[in-house]
Amino acid sequence: MEQISQGLSGSLLRKKELKALHPMKDYHIEGEILPRNKNADPQELLSLPLCKRHSHNRLVYGIKGYLPWGDGQGYAAVLCNRLPLRVGTVALCALLIAAVAFFLPSSPLPTALGLDPNATDYSDSNDFNQGGTAGDNIEIPGYKTIPIAADSTEITVDFRNPAANNCYFVIHLSLEDGTELYRSELIPPGKGVQNITISQPLAAGEHAASIRYDTYTMDDQTPLNGAEIKVTLLAQESQ
């Protein structure tokens, strides 16, 4: 630590007071002082060496205030040890994060979501279109059009979770405007649903829609990569 000089005078100023005295910022910091006693008064500080600016680690030491130096435009920064406070703050934050993690539910699934009671075994057929894969090599069924009954909430579909997957599916059927018509519960691999109830009947004609697949691990239902496909619902009147 190199001693520069001594010769401080006046009283300790806070940062706000320093800015109020020099609204044009016409002041400069000559150096810094590290008191041995944190309660030392300005007169005691006069006897301490003035060290070069930034000669003390700012992770450990903070600026408590400023003492006037020389011609009225120079000041010395008076330091104080902030390490105990900063260590305590970090420890408190870590404790709060741990508490939040402990009390949060381990499963991110929607409340009360369980196995879909309507999911049954299915057999692959020639008209089944395998739509591709999502991340984690999850097979995703794909459809271009789905014929359904018009003006009815009871419809027949072919929603399934391929047996090759090692995850649960939650399947959402929504109109293009975001209206959700249907959401399944957990569908295990090799299971599917055919008879579902939608939230509103659709008039005869074509309706732009989408099918979203939310996927979850089999053990703790952690979310995996999902997928969404566009589909046209062909609402047909009964003959």
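How accessible is Arg212, buried, partly exposed or exposed? I looked this up and found that Arg212 counts as partly exposed, at 32% relative accessibility, where buried means under 20% relative accessible area, exposed over 50%, and partly exposed in between, with a 1.4 Å probe and protein chains only.

Notes on the source: I am working from a predicted model, in which local features need pLDDT of at least 70 and side-chain atom pairs count only at pLDDT 80 or more, while totals for chains, interfaces and linings use all residues. Residues are numbered from 1 along each chain as its sequence is written, and side-chain values use heavy atoms, with hydrogens and water left out.

I searched the whole structure for salt bridges (a side-chain nitrogen of Lys or Arg within 4 Å of a carboxyl oxygen of Asp or Glu), and the search returned three.

Entry on Arg212: its side chain meets that of Asp214 in a salt bridge, at 3.1 Å from N to O, and I noted that Asp214 is buried, with a relative accessible area of 18%.

Entry on Asp158: I found a salt bridge from this residue to Arg160, with the closest N and O atoms 2.7 Å apart; Asp158 is partly exposed at 24%, whereas Arg160 is buried at 3%.

Entry on Asp121: this residue forms a salt bridge with Lys191, the closest N and O atoms being 2.7 Å apart. Asp121 lies in strand S6 (residues 120-121) and Lys191 in strand S13 (residues 191-197), so the pair ties together parts that are 70 residues apart in sequence; strands here are DSSP runs of E, at least two residues, numbered from the N terminus. I recorded Asp121 as exposed, at 59%, and Lys191 as partly exposed, at 25%.

Key: Helix = DSSP H or I, 4+ residues; strand = E, 2+ residues; numbered from the N terminus.
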